[in-house]
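Hi,

Here is the structure I promised to pass on.

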Amino acid sequence: MTDLPQLHPAAAKSLSAWHEMVAKGDLGDLRSIVHPDATFRSPVAFKPYRSADAVVLALSTVLTVFADFAYHRQATTDDGLNVVLEFSAMVGDKAVKGIDFVRFDEDGQIVDFEVMMRPLNGVQALAEEMGKRLGGIIPAYK
């Protein structure tokens, strides 16, 4: 049996901070672990959003849309700078499952955060709710 890959120490520290913020339902310190030039890749948008402001805005807002959010499994790449987090949540009356692909730099800063989700009706419900909250704001970050 081989050893499972371990996160880079700086990435592990930031991931721990992320999990603490999510558990508290307060992403007020998120900017401290996001690189200024970070990218957010939404499951409902073709083009990514760029900048720490976009990442913080998108993730802070989606946390208010999701109910019963929980992480279940985690996988790490061999380089220790990438993690995959499986989650479940409710969007209104729609149950969703998804994964967060999070890439860190050597300093532990999030440089890329990509979300994939299913099923389609849950993704559509998320798109509608996020559009209501950010429709006039978030497109400026593309």
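Predicted model: local features only at pLDDT ≥ 70, side-chain atom pairs only at ≥ 80, totals over all residues.

Residues are numbered from 1 along each chain as its sequence is written, and side-chain values use heavy atoms, with hydrogens and water left out.

Let's start with D100, which sits in strand β5 (residues 94–104); strands are DSSP runs of E, at least two residues, and helices are runs of H or I, at least four, numbered from the N terminus. D100 is buried (under 20% relative accessible area, 1.4 Å probe, protein chains only). A polar contact of 2.6 Å links its side chain to that of Y71 (N or O atoms within 3.5 Å, one able to donate a hydrogen and the other to accept it; residues adjacent in sequence count only if both atoms are side-chain atoms).

S88 belongs to strand β4 (residues 82–91) and counts as buried because its relative accessibility is 17%. Its side chain makes a polar contact of 2.6 Å with the side chain of H72. S88 and R118 lie 30 residues apart in sequence, with their C-alpha atoms 9.8 Å apart in space.

The place of S88 also brings contacts (heavy atoms within 4.5 Å): not counting residues up to four places away in sequence, S88 touches D68, F69, A70, H72, V96 and K97. D100, counted that way, touches residues including Y71, F87 and F113.

Best wishes

Conventions: Buried < 20%, exposed > 50% of the residue type's maximum accessible area, 1.4 Å probe, protein only. Lys, Arg positive; Asp, Glu negative; His and termini not counted. Salt bridge = Lys/Arg side-chain N within 4 Å of Asp/Glu carboxyl O.
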